[in-house]
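Please find below my notes on the model.

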Amino acid sequence: MAKEMVAMLLAGGQGSRLYALTQNLAKPAVPFGGKYRIIDFPISNCVNSGIDTVGVLTQYQPVELNNYIGNGQPWDLDRLYGGIHVLPPYQKASGSDWFKGTANAIYQHIAFIEKYDPKYVIILSGDQICKQDYNDFLQFHKAKGAEFSVAVMEVPWDDASRFGLMVTDENDKITEFQEKPANPKSNLASMGIYIFNWDILKKYLVEDEADPNSENDFGNNIIPNLLRDGRNMYAYRFDGYWKDVGTIGSLWEANMEVLDPENSGIDLFDENWKIYSRNSGHTGHRIAPTAVVEDSMITDGCDVKGTVKHSILYAGVTVEEGAVLEDAVVMGGCTIKAGAVVKHCILGESVEVGENAVVGEHPAGGGIGDVAHVGPGLKIGANAVVSATAKVYEDVKEGEKC
């Protein structure tokens, strides 16, 4: 039985601008919002949009991501026909090839898509925080008689040159594509989310693969080739929450926005559009009589005896009596010892902050400023000081400053 639309989720990103957080972890597997990982958002969007066949294309540091996805049960995608499938680079008899670009990644898995004989294919990014109804996007694509549609958002004109931009006519038909132009003609930024008619996508993937000069990339090759041939291409204007969390600052900011759902646009408490994730297996959290907790999200298994203000604590975090956390993103399994001060920073999973240590500080004059971060599994020694600009890749010894 044919599927109307199959989703292909590009989740092989290295996330180099997240520094220590992605040294041994694929960017889509980075924890987010207390109990989630980044990849939970596009997968949950698929489920909520009625898409039950999802291919997840992995490459960089895939082990934890693959284990997390498993058989897809947390998202109700453990299905006999369809469901979720992890798709690594294709192995040939002569060996394996890494994905050479986003288009090549899809090309290598044409056989997977063909198995379901879809009319449409939606290409998704595994490294964005976004709540989007893909069914609304598909209805737009059908109504326009499009062969290719791209989700776009209006960005400030001053920022437009940082994006791939779609120039459109009054009917949202794409007339030109500009990749990070010095002089933008549009402020409609591509979100990197595409819907193709499958026959069109397959044709252009095959042609692109045969071109020895191609970068095998959607933005640099496939989209310009569609424009060259005068294909029916449309821009779908999205006005919900979308954030590329590709930097430490943007990841920290998006976590902080979770604490302000009324104003930020991201509401993880929305019963009509749930974001699903794998259960941590922890017990409920415990707030001791000595604790002070204000405007924070405390997740399963946390044991809080100290002070936590405007922070997010992921599963299994321990905050000892006398410790102070403020504007902090503390990932799962961390321990904050007595007297430690942790502010305006991100701690990777299973970090230990020693007694009376100081990690991060608020930027002068407010705003986001620099955000300190500590890589997963590291130890910050007692009385050590980690500055606001620090990118910590290794243990910090007792009393040391970095």
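The points below take the pockets first, then the loop residue.

1. Basis. This is a predicted model, where local features need pLDDT of at least 70 and side-chain atom pairs count only at pLDDT 80 or more, while totals for chains, interfaces and linings use all residues. Residues are numbered from 1 along each chain as its sequence is written, and side-chain values use heavy atoms, with hydrogens and water left out.

2. Largest pocket. Its volume is about 1,600 Å³. A pocket is an open set of points on a 1 Å grid over the protein atoms alone, where a 1.4 Å probe fits, with protein on both sides within 12 Å along at least five of seven lines; lining residues have an atom within 4 Å of a point. Volume is the space filled by probe spheres set on the points.

3. Its lining. The largest pocket has 50 lining residues; Ser-125, Asp-127, Gln-128, Met-191 and Asp-244 lie nearest its centre. Elements giving two or more residues include helix H3 (102–107), strand S13 (188–197) and helix H7 (218–228). S13 gives the largest share, 4 residues. Strands are DSSP runs of E, at least two residues; helices are runs of H or I, at least four.

4. Second largest pocket. The volume here is about 310 Å³. Of 17 lining residues, Lys-35, Arg-37, Arg-278, Ser-280 and Ala-315 lie nearest the centre.

5. Asn-216. This residue sits in the loop between helix H6 (198–209) and H7. Asn-216 counts as buried because its relative accessibility is 5%, and buried means under 20% relative accessible area with a 1.4 Å probe, protein chains only. Beyond neighbours within four places in sequence, Asn-216 contacts residues including Lys-100, Asp-208 and Asn-221; contact means heavy atoms within 4.5 Å.

Key
Buried means under 20% relative accessible area, exposed over 50%, partly exposed in between (1.4 Å probe, protein chains only).
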